[in-house]
Amino acid sequence: MSRIGKSPVVIPQGVTVDIKDNVITVKGKLGELSQEYADITVKVEDGHVLLERPSDSKDHTAKHGLYRSLINNMVEGVSKGWSKNLELVGVGYRASTQGQKLDLALGFSHNIVLDIAPEVKVETVSDKGKNPIVKLTSHDKQLVGQVAAKIRSFRKPEPYKGKGIKFVGEQLRRKAGKSA
């Protein structure tokens, strides 16, 4: 059996889980998320969400672990929330926000202005002598990751000097420069 799929999802205080017509809806203090599922039986019993699969076929075992992880991410998101921090490494790289618009100066001839989804809260931190940091928080893990990947795609870190947009704490593989 799938080790991930067979472990139950604990529902914390203040979170409600509703199942109707192959759609699971999770509500909490930070928001509401819903997810469709197929081929898997989902039950809510005394503060836990249990998932069972009909057979041990490859498709069913894959979906067993997948839906358990998605439901767990939804429960954790509406109770605690998810966040990603991006660091802008480079001379003259700057970030600022006006509401839900993120303005990035990344060494191009023009600034990049990105409209952020309303579910994601964006915040920028610019301390003197340190690299600017963009903080993204939301209750939807997939959306936070997607927005972070979009921002990172504008200027990926390069392997020689490490300039670009990287996740905070990310280890980059560095290359040696020219050997004289």
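Predicted model: local features only at pLDDT ≥ 70, side-chain atom pairs only at ≥ 80, totals over all residues.
Reader: Which feature does UniProt place at residues 11-81, and what does the chain look like over residues 89-166?

Author: An unreviewed UniProt entry places the feature "domain: Large ribosomal subunit protein uL6 alpha-beta" at residues 11-81 and 89-166, an annotation that may be inferred rather than shown by experiment. Over residues 89-166 the chain is 17% helix and 37% strand, and the end C-alpha atoms of that span are 8 Å apart.

Reader: Why is Tyr67 called buried, and what surrounds this residue?

Author: Tyr67, which lies in helix α2, has a relative accessible area of 11%; buried means under 20%, exposed over 50% and partly exposed in between (1.4 Å probe, protein chains only), so Tyr67 counts as buried. Leaving aside neighbours within four places in sequence, Tyr67 is in contact (heavy atoms within 4.5 Å) with Gln35, Glu36, Tyr37, Ala38, Ile40 and Leu51. Tyr67 and Leu88, on the other hand, are 21 residues apart in sequence and 34 Å apart in space, C-alpha to C-alpha.

Reader: What makes Lys166 buried?

Author: The relative accessible area of Lys166 is 15%, and therefore the residue is classed as buried. Lys166 is placed in strand β13 (residues 164-167) and, not counting residues up to four places away in sequence, touches Asn85, Leu86, Glu87, Val89, Arg152, Pro157 and Leu172.

Reader: Why is Asp46 called exposed, and why does Asn22 count as partly exposed?

Author: Asp46, found in the loop between β5 (41-45) and β6 (48-52), has a relative accessible area of 72% and is therefore exposed. Asn22 sits in the loop between β2 (16-20) and β3 (23-28), and its relative accessibility of 43% makes it partly exposed. Both residues have a positive phi without being glycine, with Asn22 near 55° and Asp46 near 30°.

Reader: How do you know where domain 1 and domain 2 lie, and what area is buried between them?

Author: The bounds come from an automatic or database domain assignment, which gives domain 1 (9-80) and domain 2 (82-167). Their C-alpha centres lie 31 Å apart, and 9 residues of domain 1 are in contact with 5 residues of domain 2. The buried area, that is, the accessible area (1.4 Å probe) that two parts lose on being put together, summed over both, is about 570 Å², with carbon and sulfur atoms giving 56% of it. Leu33, Asn73 and Gly77 supply 57% of what domain 1 buries against domain 2, more than any other three residues.

Reader: Which elements of domain 1 touch domain 2, and how many salt bridges cross the interface?

Author: β4 (31-36) and α2 (58-79) each supply at least two residues of the side of domain 1 that touches domain 2, and α2 gives the most, with 5 residues. A salt bridge requires a side-chain nitrogen of Lys or Arg within 4 Å of a carboxyl oxygen of Asp or Glu, and the rule finds 0 of them between domain 1 and domain 2.

Note on methods. Residues numbered from 1 in each chain as written. Heavy atoms only, no water. Helix = DSSP H or I, 4+ residues; strand = E, 2+ residues; numbered from the N terminus.
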